[in-house]
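Here's a quick briefing to read with the structure open beside you. Take it topic by topic and find each element as you go.

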Amino acid sequence: MRYTILIGLLLALAAPAAITSDSVLSIAIYGFMAASLAVSFNLIFGFTGQLSMFHAASFGVSAYIVAILVTTFKWNFWLAIVPAVVVVMILSLIVGTICFRFKLKEFYFAVVTMAFSEMLRLITLNWNSVTNGSLGITVVDKPSIWTPSGSIAVSSGIAWYYLTLALLVVVYIVCHRILASWIGRCLAAIRLNDQLGETLGIDVFKYKLLSFAAGSMLAGLVGAFYGFYSGFVEPHYLSITLGLDIVAMVLLGGVNSLIGPVIGALVLTALPHLIELSAELRIALYGAILIFVILVMPKGIIGLITSRKHAA
Amino acid sequence: MLLDIQNLTKSFGGLTAVSNVTFGIERGEIVGIFGPNGSGKTTTLSLIAGILKPTSGAIRWKGNDIGTLTPFEVAQQGVVKTFQNPQLFPELTVVEHMRIACHLHIKRELGMRRLRTLFGGLPGELDRTLERKIDQMLELCRLKTQRNDEASALSYGGEKMLGVAMGMVCDPELLLLDEPASGLGHDEINNLDAVLRDLKTHGVTLCIIDHKVGFLGRLADRSIALHHGAVIAAGKTDEVLANDAVVAAYLGKKHA
């Protein structure tokens, strides 16, 4: 599996040489950002067993903060990421503390996190003086990258392609390192039998909170980039629909791995463009895929591939 | 006194499950708690392990009150409990269970230095020590051949032994065993008996509850008999077993 991932990464690095269409490049860029979101979400959902509906909020809040700091206060993009991620960390620690102190699980956790997420969306929608309400904020600036020959603005499709690919690699590695360490074992214990984990000395509350905050902060990191690529930030970024899209990506790809969500996100980002679909139909398609996957392939695409391997 | 329990009481609404229980455990002892079903044995153990909070009374561990601590804090103090119905992590293999159970050991060894291992993995020496320990414990608990099997494929007795092995790999000072022999066959009980005696020679203090009087009778240095949540007899195991009140509690007054 490790080599397959490496080959996939090399192909992704080489791909722009073969891609001539801007729209294909753009799908790949959105795909990488969606994949980063899905991977960070799976740290909380697939590996800790907590169905967080707060992910879109983390993503959207950070997108707003970076956009406001850069457009209104003329901050540097990279610098603006820091307070944005810190705010997301604080929010996720507050929401997580409330949910985990009250031992909310499964459905209850999902509903309460969804309520917090909706609360933040309504704030962005109605706080006109800061967020410009339902119109959102237009972002014309582009982040720049320092090179030995001076700083260059990330404006071309190719530059964004590599920047978002790098983002995905960073998010993936962070999650992978967490899961491969002793923390990963604690998270597995919490997901599979938290009562047993607790009697073995694992601080269930602390590790749940850690996973929730780490995943949410990574979502915040993705949000910072997203607004700058799309050119605008709007309340829809914090919507339940986006939260459900992420769930669909993870379920389609496979909840038991980190690479599964990447595949799920790429497929679901590309699919509506391959078959022309209106927004309403796209949501219907997501729903249909979700139902199909849960019923027929609960381990997702990755589960299908690996079970084939075992059978062979 | 390692563990000192004073006037421990636990009520659930109108029902008093444990009533005014007082006893102590010295280091290196095997203490048995027995009594018929519903006599408050499991509740007592759950109170010590922090799973339940006492209504009144004190639980002192090395002189400090641990009655208000959460289960993981109690475990960190060195008191680990196994479950009457074997608790497992579904999907995981036997050795993966053991690695999770090493959590406390890693925490004790590394403290906050654990954060550094996020990028380099565990220090090689600690990793080898832990793997050696896991193998030793699996061998002691007769689970070595099933090391890489999924734990859910173990027999009932195997699952119970895995519970003991996981508890032991935490290096507890006091291991609380909740009916380790229930549901086991004759051979498995003999096996368990041998394992627990082995543990005792390793300096572990054990507190075992069971309603199988025979098994506990052979093993425990000292016993406490509970009935309707109260202590009805305490002292040397054979004396407790011969106590009239204990016989009456088990068999009814006619046989006493």
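Predicted model: local features only at pLDDT ≥ 70, side-chain atom pairs only at ≥ 80, totals over all residues.

For chain B, the mean pLDDT is 87, with 98% of its residues at 70 or more.

**Where the chains meet**
- Chain A puts 19 residues into the contact, and chain B puts in 25 residues.
- On the side of chain A that touches chain B, the elements giving two or more residues are helix 7 (157–180) and helix 8 (182–199) of chain A.
- Helix 8 of chain A gives the most to that side, with 11 residues.
- Sorted by class, the side of chain A that touches chain B has 10 nonpolar, 5 polar and 4 charged residues.

**A helix pair in chain A**
- Helix 2 (residues 22–44) and helix 11 (residues 259–274) of chain A have axes that come within 8 Å and cross at roughly 140°; the crossing is right-handed.
- Helix 2 of chain A brings residues including Gly31(A), Ala34(A), Ala35(A) and Ala38(A) to the meeting, while helix 11 of chain A brings residues including Gly264(A), Ala265(A), Thr269(A) and His273(A).
- By class, this helix contact has 11 nonpolar, 5 polar and no charged residues.

**The open sheet in chain B**
- Look for 4 strands in the order 2-1-4-5, forming an open sheet with antiparallel pairing.
- Strand 2 (15–25) and strand 5 (64–65) of chain B sit at the edges with a single partner strand each, so one side of each has no neighbour in the sheet.
- Helix 1 (residues 41–48) of chain B packs on this sheet and touches strand 1 (3–12), strand 2 and strand 4 of chain B. Its direction makes about 65° with that of strand 2 of chain B.
- Strand 4 (residues 56–61) of chain B is joined to strand 5 of chain B by 2 bridges, and Trp61(B) has Asn64(B) as its bridge partner in strand 5 of chain B.

**Strand 3 of chain B and its partners**
- In strand 3 (residues 30–34) of chain B, 5 of the 5 residues are buried, so the strand is largely enclosed by the rest of the structure.
- Both of its faces are covered: Ile30(B), Gly32(B) and Phe34(B) are buried on one side, Val31(B) and Ile33(B) on the other.
- Strand 3 of chain B runs parallel to strand 8 (residues 205–210) of chain B, joined by 5 bridges; Phe34(B) has Asp210(B) as its bridge partner there.
- Strand 3 of chain B also runs parallel to strand 9 (residues 222–227) of chain B, joined by 4 bridges, and there Val31(B) is partnered by Arg222(B).

Note on methods:
Residues numbered from 1 in each chain as written. Chains lettered and ligands numbered in written order. Pairing = 2+ DSSP bridges. Contact = placed C-beta atoms within 7 Å. Axes fitted to C-alpha atoms, helices over the stretch in contact; angles between N-to-C directions. Left-handed = near helix turned anticlockwise from the far one by under 90°. Nonpolar A, V, L, I, M, F, W, Y, C, P; charged D, E, K, R; others polar. pLDDT = per-residue confidence, 0-100. Buried ≥ 20, exposed ≤ 12 C-beta atoms within 10 Å, placed from the backbone.
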